[in-house]
Amino acid sequence: MGFRMAALASCTLHFGLNFFTRNGINAARSSSQHFINPELIDNISMHPVIERIKETFTQRGKEQYGTESVTQVQHALQCGMLAEASGAVRTLVTAATLHDLGHIFHASPLPVTCGENLDDKHEWVAHDWLRKHFGPEVAEPIRLHVVAKRYLCTQNPGYEQALSPTSLKSYLDQGGPMSPEEMSAFEGESFHKEALALRVWDDLAKEQDKETPGFHHFMPTLEACLQ
Ligand SMILES: [Fe+2]
Ligand SMILES: [Fe+2]
């Protein structure tokens, strides 16, 4: 286990995030490596909302995830798989898969250098659309996944040290360390624990060339969460 994986996984224990998992992050990582399917998006039609999401990933999913070494769709599928393999409930698996939808709902792609401001408010873009179609169990952890990183970094310096360069830059652009008042406000959010679990999967879901099932794998889960 590399330093980054070990540091992030230790944070799940530190914050008691195994509440959301069957076997923890390590099991999620090893389990997700067993899937072999190079097709990331399959041609299956479903509910119009799911179809819209699929089309968005089809059109924009191949864009680079900022300066990370994965594309948008690779990041989404890896994050969804980490949630699923950890035994998360289907609403949280859905939130994990769709957490960065706001990046590709934007008209322009993400900056590919860290020299620009990386705070694009994408959590609000995704939340404002998804809350119309999914319940708060999906939309709220997504809204909170940015501030969850600020919380984790403020609570534990090891978490900040384990972030990728892009994630560290966006953390600073998004406000950096939290004040005690901000931390209390976050802890008062109904879905803050779900957001913390999602955040850890988010920061792990950046492995270049990692095999995952295609987008079709998540379609039934997403559709089951529609309101
Ligand atoms: Fe994000
Ligand atoms: Fe992400």
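1. Lys121 is placed in the loop between helix H6 (101-105) and helix H7 (122-130); helices here are DSSP runs of H or I with at least four residues, strands are runs of E with at least two, and both are numbered from the N terminus. This is a predicted model, in which local features need pLDDT of at least 70, side-chain atom pairs count only at pLDDT 80 or more, and totals for chains, interfaces and linings use all residues. Residues are numbered from 1 along each chain as its sequence is written, while chains are lettered from A and ligands numbered from 1 in the order in which they are written.

2. The backbone of Lys121 deserves a remark. Most residues other than glycine have a negative phi. Lys121, which is not a glycine, has a positive phi of about 60 degrees. Because it has 13 C-beta neighbours inside 10 Å, Lys121 counts as partly exposed (buried means 20 or more other C-beta atoms within 10 Å, exposed 12 or fewer, partly exposed in between, with C-beta atoms placed from the backbone).

3. Asp209 also has a positive phi, near 65 degrees, in a residue other than glycine. Asp209 belongs to the loop between H12 and helix H13 (219-224). With 7 other C-beta atoms within 10 Å, Asp209 is exposed.

4. Asp209 and Thr71 are 138 residues apart along the chain, and their C-alpha atoms are separated by 9.9 Å. Thr71 lies in the loop between helix H3 (48-60) and H4, and is partly exposed because it has 18 C-beta neighbours inside 10 Å. Leaving aside residues up to four places away in sequence, Thr71 touches Gly61, Lys62, Glu63, Gln64 and Tyr65 (contact means C-beta atoms, placed from the backbone, within 7 Å).

5. As to the overall fold, the protein chain has 13 helices and zero strands. Of its 227 residues, 45% are buried. Among contacts with a separation of 6 or more, 74% join residues 24 or more positions apart.

6. The largest nonpolar core holds 49 residues, of which Leu82, Ala83, Leu92, Ala96 and Trp201 touch the most other members. Such a core is a set of buried Ala, Val, Leu, Ile, Met, Phe, Trp, Tyr and Cys residues joined through C-beta atoms within 7 Å. Helix H8 (residues 136-155) supplies the largest share of this core, ten residues. Ala96 touches Cys79, Gly80, Leu82, Ala83, Leu198 and Trp201, not counting residues up to four places away in sequence.

7. How do H4 and helix H5 (residues 90-98) pack? Their axes come within 7 Å and cross at roughly 160 degrees. Axes are lines fitted to C-alpha atoms, for helices over the stretch in contact, and angles run from 0 to 180 degrees between N-to-C directions. H4 and H5 are therefore roughly antiparallel to each other (under 35 degrees is roughly parallel, over 145 roughly antiparallel, 65 to 115 roughly perpendicular and the rest oblique). The contact involves Ala76, Cys79, Gly80, Leu82, Ala83 and Glu84 of H4, together with Leu92, Val93, Ala96 and Thr97 of H5.

8. Helix H4 (residues 72-85) also packs with helix H12 (residues 192-204), at an angle of about 130 degrees and with the axes 8 Å apart. H4 and H12 are therefore oblique to each other. Cys79, Leu82 and Ala83 of H4 meet Trp201, Asp202 and Leu204 of H12.

Conventions
Contact = placed C-beta atoms within 7 Å.
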